[in-house]
Amino acid sequence: MVLRSISKPIIYLILIGVSLFFLMPIYVLIITSLKPLEEITLANMWKFPSVLDVSSYSEAFSKLAPNLMNSFYLVIPATILSSMLGAMSGYVLSKWKFKGSEILFTLMLFGMFIPYQSILIPLIQFLREVGLYNTIPGLILVHVVYGIPIATLMFRNFYVNIPDEMIESAKIDGANFLGVFRHIMIPLSISGFVVVAIWQFTNIWNEFLFAVTITTSDQQPVMVALQNLSGSQIVQWNVQMAGALLAALPTLIVYILLGKYFVKGLLAGSVKG
Amino acid sequence: METVKPTNSQSVIQATRKKKKLSSDHLMALVFLLPSFILIVIFVYGFIGWTGYVSLSNWNSLIPDFSFAGLKNYLYLFTDFRFQADLRNTLFFTILFIGLVILLGLSLAILLDQKIKGESIFRNLFFFPMALSFVVTGVVWQWLLNPSTGVNLFLKTFGIHPKWYTDTTILAGFKWGQIEFGLPVAMIAVGIAAVWQMTGFSLAMYIAGLRGIPDETREAARMDGATEFQIYWKIILPQLRPITVSVIIIMAHISLKIFDLIYSMTGPGANFVTDVPGVYMFETTFRGNYYANGAAIAIIMLLSVAIFMVPYLISSRKGEA
């Protein structure tokens, strides 16, 4: 299936050119993070470091470590809880449909497209009221709640493909609502759980607006700390780049190991699935 | 029911048992769905309503003041230099961003569709920025597009020195309201970073779409003497149209909501050339304590997303049922 007007070498040339554009930021990120501070002059930002200096990593790590831990404390429970809620509501909305359930589902879906600015003021008032403002549990609650629509969508689209006959025959064998869920839906949706978990992990880890408005200083997740690092008066580019890499590492590792599932999640987010 | 003849008791017990099981199943279904439903009703719809209420109030200081202000905050925004600049910036950013994401995503998908060696390597490379945070992207591109360093060190050799996000020029500008209306050059720099990050999405969508077109379709067209170009232009592209619609809608809502990338890369910029409603809302509400103004910006953002998201959701749900 060759486009006859363009020959193969030209296709490779274009692809390699675009690849360079995609790699350029990563190249700069890595080489800058490995340079000693005195070598970071504007003129030689593209040059390879003369000596590999990892001190920027230890400095970035010592600055970001508490926030990295905050991010883990936030992301792990939030991912597990929103996956569970999504599986539960996705199960009902695919296999126990009732009058109005489709409308209800559409109403839930709208929640994933709203600009979160439109709920932020009451959200913060609410969190202050219940004593969860500026706490990790508060952020967990927020991410679980606003993760419900996408997690429900993903599980619902997954469960729709499980044939109704399987459920009917399980019911004839005496399985009830919970039995079907536990013995049929969950075992068959392990890869669905992986997709949702990876998607939620990546999104919550990378999220910034909730993090910056709901938490201050020592409760902040890593993305806010990274942003603060670049806001300080003297910009140490090597430390900042090392910090950016450290902050991005968990999601990058997940992507490298389980990229296939990440892309599935990406496509599921376009509603039609 | 209480006086059942012995002969029928078996079937009656079975019937009641079935009824009981059914109703307990329905109860469980309710238990499964209700928490999510209640949370969404309160945290999405209730809170939107509350934000709307705040946007009509006089709460523009640290002390909440819910006295009714009518549309005052909205009227203020539409005459405000900063907000007018935001609307202009968002408009041009959205067009630029969506156009490039589709063009690049579709072109790359077609190129990767040519039975390329190392196709998966290229694909994974183009996808990976999607796994990064907008904040990381912002931090890195802030440096790459810094006028005195970054890519300008290369461009210098060609005698060009773009000022990127520090440029305050408005291209093809004319005075409109408080602002100079036209393409803010600084938004191009932000657009490049956003395109770098989000092209993976449209690429993934188009790759999935191309895979969904059976080879027989192409074969049949080839038999009829169509050239490869004609096959793409006349057969494949029209089939990809629903995907393009999805990409446009998803990218548009991202573009209208954009906050973190701009906040970490440029901030509002000189003369608000890179400011957007998301940044304005954040700063005026949480730094300036103008809660009612911030709420009004948020409601305008919500409406701008809802205008096309609601029809899209309804039609795509209908198409499925």
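Is Tyr76(B) buried, exposed or partly exposed, and how many other C-beta atoms lie within 10 Å? In this predicted model, Tyr76(B) turns out to be partly exposed, because 16 other C-beta atoms lie within 10 Å, while a residue needs 20 or more to count as buried and 12 or fewer to count as exposed. Tyr76(B) sits in helix H2 of chain B, which covers residues 72-79. Tyr76(B) and Phe37(B) are 39 residues apart in sequence, and their C-alpha atoms are 36 Å apart in space.Zooming out, here is chain B as a whole. Some 45% of the 321 residues of chain B count as buried. Taking the contacts in chain B between residues at least 6 apart in sequence, 68% link residues at least 24 apart.

An unreviewed UniProt entry lists residues 87-314 of chain B under "domain: ABC transmembrane type-1". In the model, that span is 68% helix and 6% strand, and its end C-alpha atoms lie 27 Å apart.

Chain A is built from helices: there are 11 of them and 0 strands. Read along the sequence, the pattern of chain A is α-α-α-α-α-α-α-α-α-α-α. The C-alpha trace of chain A spans about 75 × 65 × 30 Å along its principal axes. Of the 273 residues in chain A, 49% are buried. For contacts in chain A between residues at least 6 apart in sequence, 79% join residues at least 24 apart.

Chain A has its own entry in the records. Under "transmembrane region", an unreviewed UniProt entry lists residues 12-34, 72-93, 105-127, 139-159, 180-201 and 237-258 of chain A. Two of these stretches can be checked against the model. Residues 72-93 of chain A are 100% helix and 0% strand, with the end C-alpha atoms 31 Å apart. Residues 180-201 of chain A are 95% helix and 0% strand, and here the end C-alpha atoms lie 27 Å apart.

Next comes the place where the two chains meet. The contact draws 72 residues from chain A and 84 residues from chain B. On the side of chain A that touches chain B, the largest share comes from helix H11 (residues 237-268) of chain A, with 13 residues. That side of chain A divides into 51 nonpolar, 18 polar and 3 charged residues.

A helix pair shows one part of this meeting in detail. Helix H1 (residues 8-33) of chain A packs against helix H4 (residues 119-127) of chain B at an angle of about 35°, and their axes are 10 Å apart. The crossing of H1(A) and H4(B) is left-handed. From H1(A), the contact involves Leu15(A), Ser19(A) and Phe22(A), and from H4(B) it involves Phe122(B), Leu125(B) and Phe126(B). By type, the residues in the contact of H1(A) with H4(B) come to 5 nonpolar, 1 polar and no charged.

Helix H11 of chain A also holds Val239(A). Val239(A) is buried because 26 other C-beta atoms lie within 10 Å, and 20 or more are enough for that label. Leaving aside residues up to four places away in sequence, Val239(A) touches Ser56(A), Glu59(A) and Ala60(A). Ile16(A) is another matter: Val239(A) and Ile16(A) are 223 residues apart in sequence and 30 Å apart in space, C-alpha to C-alpha.

Over in chain B, Val139(B) lies in helix H5 (residues 134-144). Val139(B) is buried too, since 26 other C-beta atoms are found within 10 Å. With residues up to four places away in sequence left out, Val139(B) touches Leu226(A), Ser230(A), Gln240(A) and Ala244(A) from chain A, along with Ser264(B) from chain B. Val139(B) and Thr266(B) are 127 residues apart in sequence, yet 9.2 Å apart in space, C-alpha to C-alpha.

Note on methods. Residues are numbered from 1 along each chain as its sequence is written. Chains are lettered from A and ligands numbered from 1 in the order in which they are written. This is a predicted model: local features need pLDDT of at least 70, side-chain atom pairs count only at pLDDT 80 or more; totals for chains, interfaces and linings use all residues. Axes are lines fitted to C-alpha atoms, for helices over the stretch in contact, and angles run from 0 to 180 degrees between N-to-C directions. Helices (H or I, at least four residues) and strands (E, at least two) are DSSP runs, numbered from the N terminus. A crossing is left-handed if the near helix is turned anticlockwise from the far one by less than a right angle, and right-handed if clockwise. Two residues are in contact if their C-beta atoms, placed from the backbone, lie within 7 Å. Ala, Val, Leu, Ile, Met, Phe, Trp, Tyr, Cys and Pro count as nonpolar, Asp, Glu, Lys and Arg as charged, and the others, Gly among them, as polar. UniProt positions are given in the numbering used here, feature names are shortened, and annotations may be inferred rather than shown by experiment.
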